[in-house]
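Student: I would like to learn how to read the main features of a protein model. Please take me through one, feature by feature.

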Amino acid sequence: MQNITILAIESSCDDTAAAILRNGKVLANIVSSQLDHEKYGGVIPELASRLHQQNIVRVVQAALQKAEISKEELNAVAFTQGPGLIGALLVGISFAKAFALGLNIPLITVHHMQAHILANFLSETPPKFPFLCLTVSGGHTQLVLVKDFMEMEILGQTIDDAVGEAFDKGAKMLGLPYPGGPMVDKWAKQGNSQAFRFPDAETNTFDFSFSGIKTSLLYLIQKNIKENPHFIQENMADLCASYQAQLIKMLLSRLKKAAKYTKVSDIAIAGGVSANSELRTRLVALCEENGWQAHIPAFEFCTDNAAMIGIAGHYKYLAGDFADMMAVPFTR
Ligand code: KG4
Ligand code: ZN
């Protein structure tokens, strides 16, 4: 059998990433995170594009070197088509097109959110179809019924902010640096999750809403800081633990409802927020309680990476689903 060796490129936001996969196994997974955005408290799109341009060649070179293969051994180039920042995506797309043209090999377009979900197939024990995936990132919060590699149905999603945004904006209110999710996770470990109460925007559907909890954190801070200017510093761990616990409760309540409704027993998580230690623990516990099988991608495949683009590309390669040179990026 012929080997299928794929170069994958991800440049949708602030990580320039390249990976090499052979027959669906990761040979190299290189991520260059753009730390320059930190001082602005969020991603600056134009800066992201320029940094992708500076980084992309050496990131791809590093991936080829790590995988110990030459470019002539590649069978296809897969890249993130969207959703993402248009200028950032353009850098990855242009590079992929030129590289594929130069090598005379096919191009494969990959949907960033599908790739997050398919990251579960980088595991030794992947989920079985159909499975339910809670997809949680900086821009998305979705409950997806995954019927096949490319056949997915969105059962519910956020009607306002994404949960990653709720983490990041909450962290910003607490004076923590960007990106706030990992900082909240770290502080929460030493805190009491019962110390403060936050509301749940319960819905009759599988949809989510995170704008209310964010506002309630703001009001809590404003009210208490009047009486004690050191309120945040003195309660940082408890605030993070309580806020995080409520966000996770909101995610898992919908997930549980959807699992019971669909009667699907393979449950997965995906996306940057699935790196959250408390969410990972709680998901395992929920699945144990209900006799479900939990699937959690390895930490390095949760936040943005190119290995997930590569695995999605691998299955599209097998399906003969190639793109032409007219492929253009999309933002949403
Ligand atoms: O998937 P991702 O890397 O990029 C997007 O496609 O958006 O997700 C980034 C999001 C950010 O909001 C970040 O704060 C969040 O994932 N995140 C976390 C953790 N690690 C990353 N949120 C909570 N706990 C974490 N440990
Ligand atoms: Zn992502």
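Tutor: We will go through the conventions, the cores, the ligands and then some backbone details.

Student: What are the conventions?

Tutor: This is a predicted model, in which local features need pLDDT of at least 70, side-chain atom pairs count only at pLDDT 80 or more, and totals for chains, interfaces and linings use all residues. Residues are numbered from 1 along each chain as its sequence is written, chains are lettered from A and ligands numbered from 1 in the order in which they are written, and side-chain values use heavy atoms, with hydrogens and water left out.

Student: How many residues does the largest nonpolar core have, and which have the most contacts inside it?

Tutor: In soluble globular proteins, nonpolar side chains tend to be buried together. A nonpolar core is a set of buried Ala, Val, Leu, Ile, Met, Phe, Trp, Tyr and Cys residues joined through side-chain atoms within 4.5 Å. Buried means under 20% relative accessible area, exposed over 50%, and partly exposed in between (1.4 Å probe, protein chains only). Here the largest core has 46 residues. Leu-132, Leu-134, Phe-210 and Leu-255 have the most contacts inside it.

Student: Which elements give two or more residues to this core?

Tutor: Helices (H or I, at least four residues) and strands (E, at least two) are DSSP runs, numbered from the N terminus. The strands are E6 (131–136), E7 (141–146) and E9 (266–270). The helices are H4 (163–173), H5 (180–188), H6 (211–227), H7 (231–262) and H8 (277–290). H7 gives the largest share, 15 residues. A second, separate core has 31 residues, including Ala-78, Ile-108, Val-110 and Phe-301.

Student: Which residues come nearest to ligand 1?

Tutor: A residue is near a molecule if one of its heavy atoms lies within 4 Å of it. There are 17 residues around ligand 1, and Gly-138, Asp-168, Asp-185, Asn-276 and Asp-304 come nearest.

Student: What polar atoms lie by the oxygen atoms of ligand 1?

Tutor: A polar contact is a pair of N or O atoms within 3.5 Å; within protein, one must be able to donate a hydrogen and the other to accept it, and residues adjacent in sequence count only if both atoms are side-chain atoms. A polar side-chain atom of Asp-168 lies 2.6 Å from a ligand 1 oxygen. Backbone N or O atoms also take part: that of Asp-304 lies 3.0 Å from a ligand oxygen, and that of Gly-164 lies 3.2 Å from one. The protein covers 87% of the 550 Å² of accessible area that ligand 1 has on its own (Shrake-Rupley method, 1.4 Å probe).

Student: Where are the cis peptide bonds?

Tutor: Most residues other than glycine have a negative phi, and most peptide bonds are trans. The bond from Gly-82 to Pro-83 is cis, with omega near -5°. Pro-83 lies in the loop between strand E4 (76–82) and helix H2 (86–103). Another cis bond joins Phe-129 and Pro-130, with omega about -10°. Pro-130 is in the loop between H3 and E6.

Student: What is the phi of Asn-23?

Tutor: Asn-23 has a positive phi of about 50°, although it is not a glycine. Asn-23 lies in the loop between strand E2 (15–22) and strand E3 (25–33), and counts as partly exposed at 31% relative accessibility. Lys-263 also has a positive phi, about 60°. Lys-263 is in the loop between H7 and E9 and counts as exposed at 73%.
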